[in-house]
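Q: I have a structure open and want to go through a few of its residues. Can you take me through them?
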Amino acid sequence: MLPKLVMTDIDGVWTDGGMYYTAEGDAMKRFSVKDGWGVSFLRRLGIPVAILTGEDTQIVRRRAEKLGIAHCYLGVKDKVAQAEALCRELGIGLDEAAFIGDDLNDLPLLRKVGFSASPANTPDYVKREVHYVTRVRGGEGAFREFVEKLLADNGVLEQTVASFL
């Protein structure tokens, strides 16, 4: 079943999990543009995307704005509670949602959604708990691969890709 909501962590999924700092102390993150296509594919199908991250940085907010992601939750301490609240708002259950995360704080939500995934460089104890492990590492297009897997499994990847050509 195609999910009615796709949720994602950011650090370690959309980024390589590293923190870059300038000499002035400003933090920077590197995002793969490939992941933006995953958001575009879902938007084309009318499936909302939500970011749930424990970090609270304007960098993530700016990336979400650029990609038109309306559901962007920063500084989240309890991802299950935030996901449940969003699902109630959308009138769906967690079993109708998908989530990709990469670490301990993601495990409770990974265990509750209908379809879960993690990037290739996730710790083994997280990988054992998910439905799918991407071939690529976080920051190298893991979110896009996750989305393409969801769409392929539901027979809509090729037509979605074709709709952009």
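Q: Where does glycine 36 lie?
A: Glycine 36 is in helix H1. Keep in mind that this is a predicted model.

Q: Is glycine 36 buried or exposed?
A: Glycine 36 is buried, because its relative accessible area is 8% and the cut-off for buried is under 20%.

Q: And what does glycine 36 touch?
A: Arg63 and Leu67, if residues up to four places away in sequence are not counted.

Q: How far apart are glycine 36 and valine 13?
A: In sequence, glycine 36 and valine 13 are 23 residues apart. In space the separation is 13 Å, C-alpha to C-alpha.

Q: Back to the helix. At what angle do H1 and H6 pack?
A: About 30°, with the axes 6 Å apart. H1 covers residues 34-44 and H6 covers residues 142-153.

Q: Is that crossing of H1 and H6 left-handed or right-handed?
A: The H1 and H6 crossing is left-handed.

Q: Which residues make the contact?
A: From H1, Lys34, Asp35, Trp37, Gly38, Val39, Phe41 and Leu42. H6 contributes Ala142, Phe143, Arg144, Val147, Glu148 and Leu151.

Q: How do the residues of that contact divide into nonpolar, polar and charged?
A: The contact of H1 with H6 has eight nonpolar residues, one polar and four charged.

Q: Different topic. Which residues does the UniProt "binding site" annotation cover?
A: The unreviewed UniProt entry gives that annotation to Asp9 and Asp102. They are spread over 94 residues of sequence but cluster in space, with a largest C-alpha distance of 7.5 Å. UniProt also places a "binding site" feature at Asp11, again in an unreviewed entry.

Q: Start with aspartate 9. Where does it lie?
A: Aspartate 9 is in the loop that runs between strand S1 (5-8) and strand S2 (20-21).

Q: Why does aspartate 9 count as buried?
A: Because its relative accessibility is 5%, and buried means under 20%.

Q: What does the side chain of aspartate 9 make a polar contact with?
A: With the side chain of lysine 79, at 3.0 Å. Leaving out residues up to four places away in sequence, aspartate 9 touches several others, including Trp14, Phe99, Asp102 and Asp106.

Q: Where is aspartate 102, then?
A: In the loop between strand S6 (97-100) and helix H4 (107-110). Aspartate 102 is buried, with a relative accessible area of 12%.

Q: What does aspartate 102 touch?
A: Beyond residues up to four places away in sequence, the list is Asp9, Asp11, Gly12, Val13, Pro119, Thr122, Pro123 and Val126.

Q: Which side chain is joined to that of aspartate 11 by a polar contact of 3.4 Å?
A: The side chain of threonine 15.

Q: Where is threonine 15, and is it buried or exposed?
A: Threonine 15 is in the loop between S1 and S2. It is buried, at 0% relative accessibility.

Q: How far from a polar atom of the threonine 15 side chain is the backbone nitrogen of glycine 12?
A: 3.2 Å. Threonine 15 is also in contact with Ile10, Lys29, Arg30, Phe31, Gly138 and Gly139, leaving aside neighbours within four places in sequence.

Note on methods
Residues are numbered from 1 along each chain as its sequence is written. This is a predicted model: local features need pLDDT of at least 70, side-chain atom pairs count only at pLDDT 80 or more; totals for chains, interfaces and linings use all residues. Side-chain values use heavy atoms; hydrogens and water are left out. UniProt positions are given in the numbering used here, feature names are shortened, and annotations may be inferred rather than shown by experiment. Helices (H or I, at least four residues) and strands (E, at least two) are DSSP runs, numbered from the N terminus. Buried means under 20% relative accessible area, exposed over 50%, partly exposed in between (1.4 Å probe, protein chains only). Contact means heavy atoms within 4.5 Å. A polar contact is a pair of N or O atoms within 3.5 Å; within protein, one must be able to donate a hydrogen and the other to accept it, and residues adjacent in sequence count only if both atoms are side-chain atoms. Axes are lines fitted to C-alpha atoms, for helices over the stretch in contact, and angles run from 0 to 180 degrees between N-to-C directions. A crossing is left-handed if the near helix is turned anticlockwise from the far one by less than a right angle, and right-handed if clockwise. Ala, Val, Leu, Ile, Met, Phe, Trp, Tyr, Cys and Pro count as nonpolar, Asp, Glu, Lys and Arg as charged, and the others, Gly among them, as polar.
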